[in-house]
Amino acid sequence: MFLRSALVVALAASANAAAPMRLRGGAPATYAKLTEGANALTDGYSTQSKISVSHGSDLNGVSFVSGPRPAHFCTPWPAPPCLQPPTAPQRVRALRGRVRGGAANWAGAPTVPHEDGGKIRCTCLQHHCNNDEHYANNRQDSTLKSTFTRDSASKISALFDAKSSYQGVNLDAKLDGSGTISGEASYDEIIPGAKLTVSGKLEGGKAVKDMAAPKISTEYRKDNMVACASVEGSNLVASGVVEAGDFQVGASTTYDANDGTMGDPSFAARYKGGNFAVTAVANGLKGDDVSATYTQTVSDDLDVAGSFSSDGNKFSVGANYKLDGDAAVKGKINSDGILNVGYQRQLTKGATLNAGLEVDTNNLDNRKVGVSLAVK
C-alpha cells in the first residue's frame, strides 16, 4: 500500500509541476532506462569465464582518425564544428584545391587542405575544433570484437561483433558459433530529434526466406519529453517519458494487431535529489505488481542501492566501492539468500579484468565463480 501511495503522489506532483525545468540528471531517459535496475544491483556480477578482444580501425577511410583530436581539426561551415565528417564530394573539392595550389571552398568556408599520414585534414580559417568530446563521439572508426565464453567444462562458445558507420548510419553485425547472424542499423537524426533503428536475426541453419520480420524502432526527443515505439511482426510497443523539475514520469503499453488487443500498461516515476534517486514502477492496472528502487551516492567512492518488489515480497540491497583509481568492488544480497560479489580492475590502459562470485547462503556448496578479461 505504501508503494502504491508513493507512486500516486509522484505522478500527481509531476503532473502539477508549475513549469518544465531541466532534470538534475539531464535530459529524460527512455522508459527502458527509467525502469532498469540500479547499477550496484545489476552490472558487474557475471560469473561467466570469457575473454574478449576488440580492435579499432579506420576501414571506412574517413577523415577522422584514431587517437587524440588533431589540432585545428573541424568540419566546414555552416555545420557546427566537430559534428559531421566531410562528405565525399567535399573531399574531392579539397583535393582539387590542393592540386590547383589554392584554398578549397568547403560549403562556403575558406580552408587550407593538406595531408597527414595519408588522411585528408582541413584547417578551418573560421573555426577551431576544440571539443574533444564531440570529436571522440563522432569519429567513424570501425570496431571488431571477438568474445570467447566458457559455457561448460567441455564447451566454449564464440561471438564475433563488427561495428561501423557510414554516412551517418551506425551498423552492427554479430555472428555466433551456431551460425546465427544478427544485424542492426540506426540513424540518429533521420529528422531533428528522431532516431530510427532496424534490426533482424537469421538463425543458424535456416534459409533467408525463413527469417523473421525485422524489428523497427523509433525514438523521438523534444525538450522535456521522449517517445519510443517499436514494431516486430504484429506486435507494437509504445512508451513515453516526460520530465518536470526533479520528476520523470513514464508509461508503456503493447498492442497485438492480430487479435486487436492491448496489453496491460505499466507506469513509472522517478524523483532525483542532489545525491539520491527514488524510482517506482507499477506493472498493470491492478496494482499487485509494484516495485521501488532507491540509490544514493554516499561519497565519491561509495554508492548504495536497494530494491523491493511486491510480487513475492522480494528485496535486494547492494553497494559499489572504488578501491582506487583502477579497481572497484561491489556486493549484493537478496531475499532468497543469494550473495554476489564482483571485482573489477584496469590492468593497463586497454585491458580490464573482471571477477564474479555467487554463493547461495542456504547451501554453501552451491556457488559459481567466473573471471573475464577484456582487451582493446
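Where is the place of Val341? I found Val341 in strand S21. I took strands (E, at least two residues) and helices (H or I, at least four) as DSSP runs, numbered from the N terminus.

**Ground rules**

I am working on a predicted model, where local features need pLDDT of at least 70, side-chain atom pairs count only at pLDDT 80 or more, and totals for chains, interfaces and linings use all residues. Residues are numbered from 1 along each chain as its sequence is written, and side-chain values use heavy atoms, with hydrogens and water left out.

**Surface patch**

I looked up the accessibility of Val341. Val341 counts as partly exposed because its relative accessibility is 31%. My classes are buried under 20% relative accessible area, exposed over 50%, and partly exposed in between (1.4 Å probe, protein chains only).

Val341 belongs to a nonpolar patch on the surface. Strand S19 (314–322) and strand S21 (338–348) are the elements that give two or more residues to the patch. A patch takes residues with over 30% relative accessible area and no salt bridge; nonpolar side chains (Val, Leu, Ile, Met, Phe, Trp, Tyr) are joined within 5 Å, like charges within 9 Å. The areas come from the Shrake-Rupley method with a 1.4 Å probe, and for residues only the protein chains shown count as cover.

**Salt bridges**

How many salt bridges does a search of the whole structure find? I got three. The test is a side-chain nitrogen of Lys or Arg within 4 Å of a carboxyl oxygen of Asp or Glu.

I noted Lys314 with Asp336, their closest N and O atoms being 2.9 Å apart. This pair links distant parts of the chain. Lys314 sits in strand S19, and Asp336 in the loop between strand S20 (327–334) and S21, 22 residues apart. Lys314 is partly exposed at 37% relative accessibility. Asp336 is partly exposed too, at 40%.

Next came Arg345 and Asp324, whose side chains meet at 3.4 Å, N to O. Arg345 is in strand S21 and Asp324 in the loop between S19 and S20, 21 residues apart. I read 26% relative accessible area for Arg345, so it is partly exposed. Asp324 has 38% and is partly exposed.

I also logged Arg221 with Glu219, the closest N and O atoms being 3.0 Å apart. Arg221 is partly exposed at 33%. Glu219 is partly exposed at 23%.

**Aromatic pairs**

I counted four aromatic pairs in the structure. Rings of Phe, Tyr and Trp (its six-membered ring) pair if their centres lie within 6.5 Å; planes under 30 degrees apart are stacked, over 60 edge-to-face, and the rest tilted.

Phe247 and Tyr271 make a tilted pair, 5.0 Å centre to centre with 50° between the planes. Phe247 is in strand S13 (residues 247–256) and Tyr271 in strand S15 (residues 266–272), 24 residues apart. Is Phe247 buried or exposed? Phe247 counts as buried, because its relative accessibility is 19%. Tyr271 is partly exposed at 28%.

Phe276 and Tyr294 are stacked, at 6.1 Å centre to centre and 25° between the planes. Phe276 lies in strand S16 (residues 276–283) and Tyr294 in strand S17 (residues 290–297), so the pair ties together parts 18 residues apart in sequence. Phe276 is partly exposed at 26%. Tyr294 is partly exposed at 33%. Ring pairs link Phe247, Tyr271, Phe276 and Tyr294 into a cluster.

**Core**

Which residues make up the largest nonpolar core? I listed seven: Tyr31, Leu34, Val226, Cys228, Val241, Ala268 and Val281. A core is a set of buried Ala, Val, Leu, Ile, Met, Phe, Trp, Tyr and Cys residues joined through side-chain atoms within 4.5 Å. Helix H2 (31–35) and strand S11 (225–232) are the elements that give two or more residues to this core.

I then checked the contacts of Val241, leaving aside neighbours within four places in sequence. Contact means heavy atoms within 4.5 Å. Val241 is in contact with residues including Tyr31, Leu34 and Val226. Pro28, Gln248 and Gly250 are also among them.

**Last entry**

Thr261 lies in strand S14 (residues 261–262). Thr261 is partly exposed at 39% relative accessibility. Not counting residues up to four places away in sequence, Thr261 touches Thr254, Tyr255 and Asp256.
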